[in-house]
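I opened my notebook to get to know a structure I had not seen before. Here is what I looked up, entry by entry.

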Amino acid sequence: GTIRPYGLCAIMGPSGAGKSSLLNIIAGRLRTQGKKKVSGNIFVNSRKIHPYDFRKKIAYVMQEDALFATQTPREALEFSAALRLPQSITATDRKKLVDNLLVELSLTKGADTIIGSVLIPGISGGEKKRVAIGVELISNPDILFLDEPTSGLDSFSAFNVIKILKRLCASGKTIITTIHQPSSEIFQLFDEVLLLAHGKIIYNGTRSYMTTYFENQNYVCPDQTNPADFVMYKMQEASVERIKELAKIWNGW
C-alpha cells in the first residue's frame, strides 16, 4: 500500500479485517512475538526505515484515552510538553505552544475544566478525544496514527474531530486513522482510503475514485447512499473466494 504525504487516510474494513494490526505494524507498535511473524518493508519518502527507529517522528493516539481524570486539558498538554520537549525550550515557549494547541484543537472553552471520568463529571467525549490528540501533537510529529478516533462519539463530535485532523494535514502532517463506519459527511473529509477485507488490500487510492473503481467491479453505489456504508456492506457480504479475487484484481495479478 501507499499513503501520500500531507493527506488524511482512512484504513477501513469490516471487524477482523486487520485494520488495527496494520496500523500497529506501520507505527512500529507490533513486535514479532512467538508464532507471530511480521515481514515486509516500510519506506518513507523512498527511504527504507524501521518504524520503531522512526518513532520520534511518529505519534499514536489509542482508541481508549489514558488521560488523568483530575487534570484539565491545559494541565494535560503542559505535562506532556514538560516530558517530551527538550530542555532547551523555555517554560515561556512551552506555555505559548500549549496555548496555540488549545486554540488549534478548539479546546479553549474547556481548557481549565477537569477532564473527568465515568465517576467524575468533566469535559465532553469529543473534547477528551481532542485532548488525547493534543498530548501526542505536542512533540510536533511528522506522522500521526489514530485508532478509531470517532469511537463512542455522537455524529457531530465525530465530524469535528475528523475536521480538525483534516486541518492538521494542511499544516504539513500525514495522518492515518482506522475508522469503522464513517458517516457520509465524515467520509467526504478523507483524501485517501485503504480498504481491507480478510487481511487483504481491496482498494488503496483516493476517496473520490473509490466508487468509480468498484463500479468497474460491478458494485454500483446507488444515488444518495453513503459510499463507505455501501462498500463495507458489500465486503461483508462477499465470500472469501470473492475477496481473494478482488485482492488479485487490485494487485494486478
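**Entry 1: a word to settle before I start.** I call a residue buried when its relative accessible area is under 20%, exposed when it is over 50%, and partly exposed in between. I also keep in mind that this is a predicted model.

**Entry 2: Phe 214.** I began in helix H7, which spans residues 207–215 and holds Phe 214. Is Phe 214 buried or exposed? Its relative accessible area is 2%, so I wrote down buried, given the cut-off of under 20%. Next I asked which residues Phe 214 is in contact with, leaving aside its neighbours within four places in sequence. I found Leu 195, Ile 202, Tyr 203, Tyr 219, Val 231 and Met 235. Phe 214 and Val 231 are 17 residues apart in sequence, and their C-alpha atoms are 8.2 Å apart in space.

**Entry 3: the nonpolar cores.** I had read that nonpolar side chains tend to be buried together in soluble globular proteins. With that in mind, I looked up the cores here. The largest nonpolar core has 59 residues. Which of them touch the most other members? Phe 214 is on that list, together with Met 12, Ile 133, Leu 144, Leu 165, Leu 195 and Ile 202. Helix H5, residues 155–170, gives this core its largest share, seven residues. I also found a second, separate core of 15 residues, with Ala 17, Ile 49, Ile 58 and Leu 194 among them.

Entry 4: I moved on to helix H2, residues 73–84, where Ser 80 lies. Ser 80 has 4% relative accessibility, so I noted it as buried. Where does its side chain reach? The side chain of Ser 80 comes to 2.8 Å from the backbone oxygen of Val 135. Not counting residues up to four places away in sequence, Ser 80 touches Val 135, Leu 85 and Ile 138.

Phe 79 lies in helix H2 too. With a relative accessible area of 42%, Phe 79 is partly exposed. I found Phe 79 in a nonpolar surface patch of about 340 Å², made with Phe 68 and Leu 83.

**Entry 5: salt bridges.** How many salt bridges does the structure hold? I noted eight. I looked up three of the pairs in turn.

- Arg 74 forms a salt bridge with Asp 112, and their closest N and O atoms are 2.9 Å apart. This pair links distant parts of the chain, 38 residues apart: Arg 74 is in helix H2, and Asp 112 is in the loop between helix H3 (91–104) and helix H4 (125–137). Arg 74 counts as partly exposed at 23% relative accessibility, whereas Asp 112 is exposed at 56%.
- Glu 136 and Arg 84 meet through their side chains in a salt bridge, at 3.0 Å from N to O. Because Glu 136 lies in helix H4 and Arg 84 in helix H2, the pair ties together parts that are 52 residues apart in sequence. Glu 136 is buried at 15% relative accessibility, while Arg 84 is partly exposed at 39%.
- Lys 95 forms a salt bridge with Asp 99, with 3.0 Å between the closest N and O atoms. Both residues lie in helix H3, four residues apart, which is about one turn of the helix. Lys 95 is partly exposed at 49% relative accessibility, and Asp 99 is partly exposed at 24%.

Which residues do salt bridges with shared partners join into one network? I wrote down Arg 74, Lys 95, Asp 99 and Asp 112.

**Entry 6: Arg 242.** My last stop was helix H9, residues 240–250, where Arg 242 lies. Is Arg 242 buried or exposed? At 19% relative accessibility, Arg 242 counts as buried, because the cut-off is under 20%. Setting aside residues up to four places away in sequence, Arg 242 touches Gln 217, Tyr 219 and Ile 249. I had already met Tyr 219 as one of the contacts of Phe 214.

Methods: Residues numbered from 1 in each chain as written. Predicted model: local features only at pLDDT ≥ 70, side-chain atom pairs only at ≥ 80, totals over all residues. Heavy atoms only, no water. Helix = DSSP H or I, 4+ residues; strand = E, 2+ residues; numbered from the N terminus. Buried < 20%, exposed > 50% of the residue type's maximum accessible area, 1.4 Å probe, protein only. Polar contact = N/O pair within 3.5 Å; in protein donor to acceptor, adjacent residues only side chain to side chain. Contact = heavy atoms within 4.5 Å. Core = buried A, V, L, I, M, F, W, Y, C linked by side-chain atoms within 4.5 Å. Patch = residues over 30% accessible without salt bridge, like charges linked within 9 Å, V, L, I, M, F, W, Y side chains within 5 Å. Areas by Shrake-Rupley, 256 points an atom, 1.4 Å probe, with all protein chains shown as cover. Salt bridge = Lys/Arg side-chain N within 4 Å of Asp/Glu carboxyl O.
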